[in-house]
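Me: I'm new to this one, and I'd like to learn how to read it. Please show me the model, then take me through it a feature at a time.

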Amino acid sequence: MTDRSTELIQKSAESALSAEEATALMGAQGPAMLDLLRAACVLRDEAKGNRVTYSRKVFIPLTTLCRDDCGYCTFKRDPGQPGAKTLSPEEVLEIARRGKARGCKEALFSLGDKPELRFPEAAAELARFGYKTTTDYLVAMCRLVLEETGLLPHPNPGTLGRHDLARLREVSPSMGVMLENVSPRMRQPGMAHEHAPDKVPGARVAMVRMAGELRIPFTTGLLIGIGETLRERVDTLLVIKRLQEAHGHIQEVIVQNFRAKPAIPMADWPDATLMELLRTIAVARLLLGGEMNIQAPPNLSPEVYPLLLLAGINDWGGVSPVTPDHINPEAPWPEIQRLAQFSADAGYALRERLCVYPEYIDRKPGFLSDGLRDAVLRQADGEGYALAEEKYA
Ligand code: SF4
């Protein structure tokens with residue numbers, strides 16, 4: 001350990017790292033960057049030991065229709081475009097059952113935001129299934145999957161208000177929304193969220209706060225490389241930190257790197273570099289502390305992803321042996337055994353968790369609705385992790 005690493009750990013423990021210092025660390029290079037990574041790694045190890053987790057999931061793309069147009073999105077489609085699709089209840093169940101057969105325990109619902117407000121075709125499709133809004137349909141499909149398969153729903157429902165969050169809480173033990181970045185600049189002309197009315201930072205922050213008031217174990221995070229400054233990254237982490245201090249419900253923070261893809265408005269933007277990703281993870285660890293669960297998706301950093309462990313993550317997120325990553329279809333998930341091997345090579349033991357993190361099952365009371373408690377406990381071991389690793393092909 002260098003003196004500088006020790007100093008950073010100390011400052012982190014005392015919540016004494018200023019926004020200016022954190023911003024400077026976001027640009028650290030050479031030996032200063034090594035000090036940063038070392039401090040983040042030690043902080044994680046002291047709190048989490050040598051355990052790194054993942055969730056075995058199926059990915060259910062409930063609808064690819066969306067009223068927003070984010071500059072980096074490959075998921076959404078407008079009505080009539082190839083791939084425009086709202087899954088029927090039968091299709092939802094078919095995917096969930098395939099996941100169940102392969103040992104999955106999480107049903108990750110991803111969907112566009114309120115397409116019925118922009119496209120009459122979306123409203124008509126929902127009406128055909130017997131629902132008025134996408135959120136009505138999402139709540140019903142979470143319940144269906146839970147009751148028919150026992151898989152635990154984790155929806156990424158877009159920007160919602162209190163009433164809808166409360167409804168979803170009854171059918172999903174955890175949920176999430178990425179803050180991505182809290183800077184209002186992202187909505188200016190030419191920026192990633194110019195045409196995304198649901199990406200108003202204040203509304204997203206308010207949603208995460210409401211989730212805390214409703215005691216919902218919540219996943220959020222940053223998307224880096226979409227035109228934000230280093231200070232704006234830090235500001236986003238500090239907002240997350242304050243929300244966590246107020247409500248204690250942030251179960252996980254994702255640090256996701258932008259990757260350019262053909263046919264998106266930001267196709268010509270440079271990818272966020274590996275060094276940027278590592279520095280952001282490490283600064284997130286220092287600002288949010290050793291106990292926070294920090295994740296980076298392994299499929300977005302192929303071959304180098306063990307380095308993410310050295311920067312301070314303790315979770316690989318959802319990995320599916322069944323379905324592709326519909327958000328990043330060009331980036332296959334690693335096989336789980338390969339993930340375990342890479343983790344072991346870096347000195348870490350892979351452990352399966354549920355969509356809701358162990359600390360929210362027992363140690364933090366009031367975070368599971370009564371109706372979900374049995375469904376969660378049936379699949380959890382004494383420590384709150386997923387019951388016995390099962391050996392599926
Ligand atoms: S809100 Fe989500 S689905 Fe819609 S365009 Fe943005 S990233 Fe894509």
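Reply: Let's start with what a helix label stands for. Helices are DSSP runs of H or I at least four residues long, strands are runs of E at least two long, and both are numbered from the N terminus. By that naming, Ala 124 is found in helix α5, which covers residues 120–129. Keep in mind as we go that this is a predicted model.

Me: Now the helix packing. At what angle do α2 and α10 pack?

Reply: The general idea is that two packed helices are described by the angle between their axes and the distance between the axes. In this case, α2 (residues 19–26) and α10 (residues 274–288) pack at about 155 degrees, with the axes 9 Å apart. An angle over 145 degrees counts as roughly antiparallel, so α2 is roughly antiparallel to α10. Their crossing is right-handed.

Me: Which residues make that contact?

Reply: On the α2 side they are Ala 22, Leu 25 and Met 26, and on the α10 side they are Arg 279, Thr 280, Val 283 and Leu 287. Sorted by class, the contact of α2 with α10 has 5 nonpolar, 1 polar and 1 charged residue.

Me: What about α3 and α10: how do their axes cross?

Reply: The axes of α3 (residues 30–48) and α10 come within 9 Å and cross at roughly 50 degrees. That makes α3 oblique to α10. This crossing is left-handed. From α3, Met 33, Leu 36, Leu 37, Ala 39, Ala 40, Leu 43 and Arg 44 meet Leu 278, Arg 279, Ala 282, Arg 285 and Leu 286 of α10. The class tally for the contact of α3 with α10 is 9 nonpolar, no polar and 3 charged residues.

Me: Let me try another pair. What is the crossing like for α4 and α6?

Reply: Read the angle and the distance again. Helix α4 (residues 89–101) and helix α6 (residues 134–149) have axes that come within 10 Å and cross at roughly 40 degrees. The two helices are therefore oblique to each other, and α4 passes α6 in a right-handed crossing. Pro 89, Val 92, Leu 93, Ala 96, Arg 97 and Lys 100 in α4 meet Met 141, Leu 144, Val 145, Glu 148 and Thr 149 in α6. By class, that contact has 7 nonpolar, 1 polar and 3 charged residues.

Me: Backbone next. Which value of phi does Ser 15 have?

Reply: As a rule, most residues other than glycine have a negative phi. Ser 15 has a positive value, near 50 degrees. Ser 15 is found in the loop between α1 (3–13) and α2, and it is exposed, with 10 other C-beta atoms within 10 Å. Glu 180 also has a positive phi, about 65 degrees, although it is not a glycine. Glu 180 lies in the loop between β4 (175–176) and α8 (201–213), and with 26 C-beta neighbours inside 10 Å it counts as buried.

Me: Last one: which residues are around the ligand?

Reply: They are Cys 66, Asp 68, Asp 69, Cys 70, Cys 73, Phe 75, Lys 76, Gly 112, Asp 113, Ala 196 and Asp 198. That shell divides into 5 nonpolar, 1 polar and 5 charged residues.

Methods
Residues numbered from 1 in each chain as written. Predicted model: local features only at pLDDT ≥ 70, side-chain atom pairs only at ≥ 80, totals over all residues. Axes fitted to C-alpha atoms, helices over the stretch in contact; angles between N-to-C directions. Parallel < 35°, antiparallel > 145°, perpendicular 65-115°, else oblique. Left-handed = near helix turned anticlockwise from the far one by under 90°. Contact = placed C-beta atoms within 7 Å. Nonpolar A, V, L, I, M, F, W, Y, C, P; charged D, E, K, R; others polar. Near = placed C-beta within 6 Å. Buried ≥ 20, exposed ≤ 12 C-beta atoms within 10 Å, placed from the backbone.
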